[in-house]
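Biologist: I would like a close look at one residue in this protein, and then at the protein around it. Please keep the account plain.

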Amino acid sequence: MKVNKWFILLAALSLVLFMSGCGKSSGSAGGEQSVLDGGAGDNATELSYWTFVELHGKHFEKMLEKWNAANPDRQIKLNVTVMPYDDMHNKLSIALQTGTGAPDIADIELGKFPDFLKGTPQLEPLNDVIDPYRDTLVKSRVDLYSKDGVNYGIPTHVGASVAFYNTEILQEAGVDYTQIVTWDDFKKAGIQVYEKTGKSMGTADTSATWQESMLLAQQGADFTDEQGNPKVNSPEMAKALTILKDLQDNNVISTIAGGQPDTEEAYGEFNSGKYATAFMPLWMMSRYTNYMPDLSGKIAIAPIPVIEPGMPRSVGGGGTGTVVTKTAKDIQLAKDFLAFAKLSEDANIEIWNTLGFDPVNMDVWNMQDVTHNPDNEFVKYFINNPFDVLNEIKDEIKLIKSVPASPTINNVLNTVTLNEIFEDGKDIQQALDDAQKQIEQELK
C-alpha cells in the first residue's frame with residue numbers, strides 16, 4: 001500500500017511539473033502565452049511581458065504596432081503571458097529573488113507592489129524615461145510605485161474617486177446633485193430621497209475601504225503613519241466612520257449585497273435602482289457600461305462630498321504598476337518601450353478608448369476630440385463628461401499609501417471591523433482599537 005501511495009504522489013507531481021511548462025509558445029512561466037510581432041522584422045528583439053489582466057496585453061499589442069512603425073531600428077516582438085493574479089505575483093517574486101526566470105516587463109498590482117520594494121528592489125529605476133512626461137502626469141499615481149525618490153513602476157490609470165449619481169432617483173425626490181458639496185448636504189439629500197422614494201442614497205460598505213480612504217484623504221490622514229505602521233484607530237479614522245455611521249442611522253446609506261458597489265451582487269442592486277449613489281474610482285465606469293445597462297443616460301458623475309468646503313475632493317483608488325526587471329535582456333529598450341506604451345499621448349488615448357480608464361497623462365484630458373467623442377461608449381452612457389469632472393478636481397487627487405502592512409490592514413477592516421460597525425452596531429472606537437491590536441499581532 002505504501003508503494004502505491006508513493007507511486008500516485010510521484011505521478012501527480014510529474015503531471016503538475018509537466019503542465020506548468022505547457023503553453024502556446026516556449027517558456028516555463030505557464031499561463032496563456034502568445035508572441036506579438038507588431039509588424040516587426042526578423043532582426044527584432046523579443047521581450048517577455050507578464051500580466052494578470054488580458055486587456056492589458058491587448059493594449060500593449062496596439063502600442064507595439066505603433067512602436068515598431070516609429071522605430072524601425074529598435075523593433076520588438078513581445079512574448080505575452082497572462083496568468084491568474086496570485087500565480088503571476090508568486091512566480092514573479094520567486095524569479096526576482098533567485099535571479100532566474102523573470103520576464104523583461106511585468107505588471108504588479110498596487111496591493112502587491114510594496115512586497116517588491118523590500119530591501120534592494122530587483123527592478124530597474126524608471127526616472128529617466130518618466131522624466132520627459134513628468135509634468136503632464138498625476139504625481140500621486142507615480143509616487144505610488146516609488147521608493148526613496150526612485151520610480152520603479154509606471155501607472156496604468158489615475159483611478160480618481162468620484163460620485164456616481166442616479167439622477168432618475170434624485171429627480172423623483174426633488175434633489176439636485178450639483179448642490180451637494182459637503183457630507184451634510186449629502187445627508188440632507190439622502191433623508192429626502194428616503195422619505196420620498198424609500199430608497200438608499202448610498203451604500204454602507206462592509207468589504208472595501210473606498211469610502212474610508214476618501215474621508216481620510218480629506219483630513220490629510222492615512223491608514224498608516226510615515227513609517228508605514230498601522231494606525232487604524234486614529235481620530236481621523238474614527239471621525240470618518242462616525243460620519244458614515246450617522247448616515248446609516250439616518251437611512252441615508254445602507255449595507256449592500258456583496259459588501260460594496262464593485263461586486264456582481266451589487267451591480268444588480270444598482271441596476272434595479274435600489275441605490276442612488278456609488279462612491280468609487282472612475283474605472284467603475286466600465287462596470288456601469290458592462291453590467292448596468294438599464295442605467296444608461298441616468299448616471300451623472302460629480303466630485304465626492306467633503307467634510308468642510310476646501311478639502312480635497314478625490315483620492316486615487318486601485319492600480320497596476322508596470323516594471324522592468326533587473327534581468328531584462330535589453331533594459332533600455334524595455335524601459336523606452338514601456339514609457340511609450342503607457343505614458344505617451346498615443347498610449348493614453350488608447351487607454352481611454354480601449355480600457356475606459358482615466359489616463360494618467362493629463363494632456364489627454366484637454367483633447368476635446370478624444371474626451372468628447374460622441375461615438376465613445378462612456379461618453380454615450382453618462383449624462384455628463386467624466387473629463388469635465390477630472391479637470392475640475394485634477395489638483396485635488398490625493399494619495400493613500402500602499403505599504404507592506406496594507407494587505408493585513410485591508411483584510412482585518414474588510415472582513416471584521418466594517419461588519420462589526422455597520423452590521424452589528426459595535427462602538428466605533430472599540431472596533432478600531434480591536435482592529436489595531438489584531439493588525440499589530442498579525443504583523444509580528
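**One residue and its setting**

Modeller: The model is a predicted one, and its secondary structure amounts to 18 helices and 15 strands. One of the helices is α17, which spans residues 406-422 and contains N414. That residue is the part to look at closely.

Is N414 buried or exposed? Its relative accessible area is 18%, and a residue counts as buried when this value is under 20%; N414 is therefore buried. In the protein as a whole, 55% of the 444 residues count as buried.

What does N414 touch? Leaving aside residues up to four places away in sequence, N414 is in contact with T206, S207, A208, T209 and N419.

Among contacts with a separation of 6 or more, 75% join residues 24 or more positions apart.

The overall dimensions come next. A compact globule of 444 residues would have a radius of gyration near 22 Å, and the protein has 23 Å, so the two agree. Along the principal axes, the C-alpha atoms fill a box of roughly 70 × 65 × 40 Å.

Methods: Residues numbered from 1 in each chain as written. Predicted model: local features only at pLDDT ≥ 70, side-chain atom pairs only at ≥ 80, totals over all residues. Heavy atoms only, no water. Helix = DSSP H or I, 4+ residues; strand = E, 2+ residues; numbered from the N terminus. Buried < 20%, exposed > 50% of the residue type's maximum accessible area, 1.4 Å probe, protein only. Contact = heavy atoms within 4.5 Å. Rg over C-alpha atoms; globule rule 2.2 N^0.38 Å.
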